[in-house]
Amino acid sequence: MGFRKMSVLSIGFILILSLVLAACSSNNKSANTGTNSGTQAPASSQTAAKNDGEKTTIRFSTWYGPGDVEIWKNVISRFQAENPNITVEFEPLEWGAYWQKLQTQLASNSAADVIGMHVGIVYGYVEKNQLAPLDDYLSANDRKDQLSESLLVEGQWPKDNPKQYALPWHVTGATLFVNMTAFKEAGIAYPENGWTIDEFKAAAQKLTTDKRFGFSVPTFSMAAGLAGAFGTEPTTADKLHSNYNSPEMLNFKTWLHELIWKDKVAPNPKDLDKNIDPFVAGKVAMAINGAWNFPVYRDIKDFEWDIAPMPSKDGKTKTYAGPDMLSITQDSKNKDAAWKFMQFVIYNQQAQELLRATGVPMLKEDLANDALINEIAAQKPAHFKVFLEGVNNDGIGYAFTKKFFEISQLELDADVKIMERPDADIKKELETLHDQVNKEFEKQ
Amino acid sequence: MRDMHKNADVIKSAKKKRRMSPDALWAFILLIPLFVGIGLVYYSALFGFTMSFTSWDIVRKAEWIGISNYRTLIEDDLVWKAMSNTLIFLVITIPAKIILGFLLAVLLNQKLRGIQFFRLTYFFPTACSVVAIALVWGYMYGADGFLNQMLQGLGLSKVYWMDENHAMSSIAIMTLWVGMGYIALLFLAGLQNVPTDYYEASRVDGASKFQQMWKITIPLVTPTTFFILVTQIITAFQMFGEVYLLSGPANSTLTIVQYIFKEAFQGFRMGYASALSYILIVVILIVTVIQLKVQKRWVHYDL
Amino acid sequence: METINEKHSLKLLYFMILLGLGLIIVLPFLWLLLSSFKSSYEIISGSNFIPKNWTWDNYVKVVTEVPMLSFFRNSVFVTVLATVGGVFASAMSAFVFAKLHFKGRDTLFAMVLIVMMIPSVVTMIPLFIIMKSAGLMNSLWALILPSWTGSAFGVFFLRQHMMSVPDALYESAKLEGCSPFRIFISIFLPLVKASLATLAVLNFIAHWNDLLNPLIYLNSPEKMTITVGISYFRGQYVTNYPVVLAGIFLSLIPTAAVFLFAQKYLTKGMLISGLK
């Protein structure tokens, strides 16, 4: 009986507590979108109350990598400090979930005002008239020359009569992370620019001990840089067909397969716990990961790390890189406020100085600023310039088509069959993948 | 007093004639919510059937394409993969659930101290959300997760719980862990319904515990077994949450409902998704009907 | 014939087995609780069950960085409204089938029974289209309204109990001029309280734990319920999953509380449905 009373009381207590706390938290929602907002939030709500009738709220949704959420919250609170009449509701979702939800939201007219947009797939959304053109806003912007033409082009469609539908907010990509402590232990020097894949393999062999492997085989877009060195890409140049049956692709996948099963410098992907980052856990000494990991990796205390140049093959080196972009939805009822936010994010140093931490500087004035570059390099990674040069000189994309997600899922499934089996028939798996991807392109 | 009763009888018989209309009117009004609900189900069945002959992405107009969806369906490897995944799942879980659940129920039927506490504990996982269960097990199933750490601590080699070949079985084990208590409680109810006279009589005849179990308990519990079989199979065919949260690689854990979800709400191919739903419904109905017909052979409602 | 000793050792054996199985059931929950107090570093490197360095970090993080409280609020809102409405609707329909007489009653009831046999996946897509047209996308009401039609199971379940209430009660109330609705509210509902409670508990659990419907209808994080909320936000903590564990543990507290509170009704409900 006492037991039951206790449960009744505890349920009641929990319900009341959660309702009260939820009510408090929703009142402070605008304050919660920034951790540095201490003194700024009360000020913004006060001035907002003064300028009555002008207040707008916009919704902003995008995907994130580890560490991005904190950065965005800071950017938002800085924006709101400068624009007290506009409240930004931040709706971050992780990569897979974001794209799923975006489709549903667009189909049911419940999408955010400002949405994250990925390079290469803009045209799909433009074709369905889901994005608002930004040309008028841009022409009124006095800072518009800060973005290079090549970056602007990525957000334009159609190619023969282009309108601007998306703008980049940072440029990022993948780079080769190296465990310098492990390098020192194995007596290997920091790799030089242009080191070959054979030298790379030799290093991996020296780094492999019974406690760790030298390298973890990359999948999906992380493999794009190496694939580029091997002279291959998932899709054909016109981006409408699969390229998985090319001999270079077979070469590439076989080389990766041998790293695991012949050279034994890479773990069987099965052996890697998907809930743990193997580089951070010290299970592999080298790994290709996104540059968006920089802020999070700076917390690593167990070993020294840096980034190294991508290995080259036949003199060719490629770095996976591209802009991440923002768009305004056609259905948005607050396009002006949405543009104010976008403009701040893209062109204002207050935002850019935070956002470029997960990639490379994007604005022309930043790229020309040597002191800035050195300053970034002074935080880890020490060889930041390597990545910067890779992005600007040897950048390569990855299946940036309307079917980006379907293709990546199909390739991931094929990789399971290729990499996890010692006696995989790689040619056959690639042929199957080739057919599946082409079938996917044919679907509506 | 007696007068009132006589009046009541008179009024009752008089009312009998009029009882039809006012009751019917009230019934109609009070049943409106139910009509909406039931109507929705029957309407959905019809609507889904019609939609399965179209191609529709919600944004643009629907296009009639005849049996094209069904043709694609038959050639779709993923459909067969999903069916075989479900079959693997059924083969592993159903016999295990029934046997283990029954044995557990026998144990729970004993007069032991704290037996109520045990009954509750085993049942608790069923009350938890699939999100909590699947995520926790997902972390435990990791290559360096808790389960493998335990195995290695005992000197055994680690198991690739969530790889291509084992993912579905691992999910089956997890659902077994969740559902065992619930099944046991159902069997418990069935066990407690067996009249004790049978046991008394058989004991007088010198029957052993084992014979009692085999000849009395198990046959008389078959109605419960049947109920469990039918409902568990229907549930298994519609499994979604577990595999959505705890996906195995390369479609090794794809289920039909998950595939329908993907096609409808991620791919926006409503027509194809409807066709898939229909096939699933038909399969479930066929399986259930077969079970209903076969039950006469093995379900004893009386000894 | 067994001796007293044999009987005792047999009971001991049973007890040990039950204890062992109980441990298997409890172990994952224990791991969950203990690991929610570990740092991500400990999870990665350690193979220890009990945390070496207890930390509240994960709980702090999950409450401040993830809108856990709004998830809770949404779950409570949906579950309470859906359960109350659903039980009421089922009870009303059950009452009609139990006590009212009208032409076609039994056929209609058979149709209700058939619905119980139809897999729920049949309404998934059509309901989505209806909700979308009604403008209820991303609204919690999309999760609440469908249950206000009652459920076939609920109707069946409650009808059993209502039929056991003597007809005389209904008849005499009618004689006094009460409408069937009033009879339902004032007389029958109080009489079947126990079954109502059982159904309410079952419905509560089902709605609280629902994943599929929130997944389909709820798009923005501030509308999400606990189930989808947690599943979406685990991506934020890929390298720090103890935070997710803390969130999961928090989400289980209400479940446990309701479970303990309702144990009586649950086991009774099991017995009743098992008798089928």
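This is a predicted model: local features need pLDDT of at least 70, side-chain atom pairs count only at pLDDT 80 or more; totals for chains, interfaces and linings use all residues.
1. The interface. Chain A places 17 residues in contact with 17 residues of chain B. On the side of chain A that touches chain B, helix H5 (95-107) and helix H19 (404-419) each supply at least two residues, and the largest share, 4 residues, comes from H5(A). Sorted by class, that side of chain A has 8 charged, 5 polar and 4 nonpolar residues.

2. Strand E8 of chain A. This strand covers residues 284-290, and because 6 of its 7 residues are buried, it is largely enclosed by the rest of the structure. Strand E6 (residues 167-179) of chain A pairs with E8(A) over 5 bridges in the antiparallel sense, and within this part of the model A:Leu176 has A:Ile288 of E8(A) as its bridge partner. Strand E7 (residues 213-215) of chain A, by contrast, runs parallel to E8(A) and is joined to it by 2 bridges; here A:Phe215 has A:Met286 of E8(A) as its bridge partner.

3. A helix crossing in chain B. The axes of helix H4 (residues 68-75) and helix H14 (residues 270-298) of chain B come within 9 Å and cross at roughly 65 degrees, which makes H4(B) roughly perpendicular to H14(B). The crossing of H4(B) past H14(B) is right-handed.

4. The residues at that crossing. H4(B) contributes B:Asn69, B:Tyr70, B:Thr72 and B:Leu73 to the contact, while H14(B) contributes B:Gly271, B:Tyr272, B:Ala275, B:Leu276 and B:Ile279. By class, the contact of H4(B) with H14(B) has 6 nonpolar and 3 polar residues, with no charged residues.

Conventions:
Residues are numbered from 1 along each chain as its sequence is written. Chains are lettered from A and ligands numbered from 1 in the order in which they are written. Two residues are in contact if their C-beta atoms, placed from the backbone, lie within 7 Å. Ala, Val, Leu, Ile, Met, Phe, Trp, Tyr, Cys and Pro count as nonpolar, Asp, Glu, Lys and Arg as charged, and the others, Gly among them, as polar. A residue is buried if 20 or more other C-beta atoms lie within 10 Å of its own, exposed if 12 or fewer, and partly exposed in between; C-beta atoms are placed from the backbone. Two strands pair if DSSP finds at least two bridges between them. Axes are lines fitted to C-alpha atoms, for helices over the stretch in contact, and angles run from 0 to 180 degrees between N-to-C directions. Angles under 35 degrees count as roughly parallel, over 145 as roughly antiparallel, 65 to 115 as roughly perpendicular and the rest as oblique. A crossing is left-handed if the near helix is turned anticlockwise from the far one by less than a right angle, and right-handed if clockwise.
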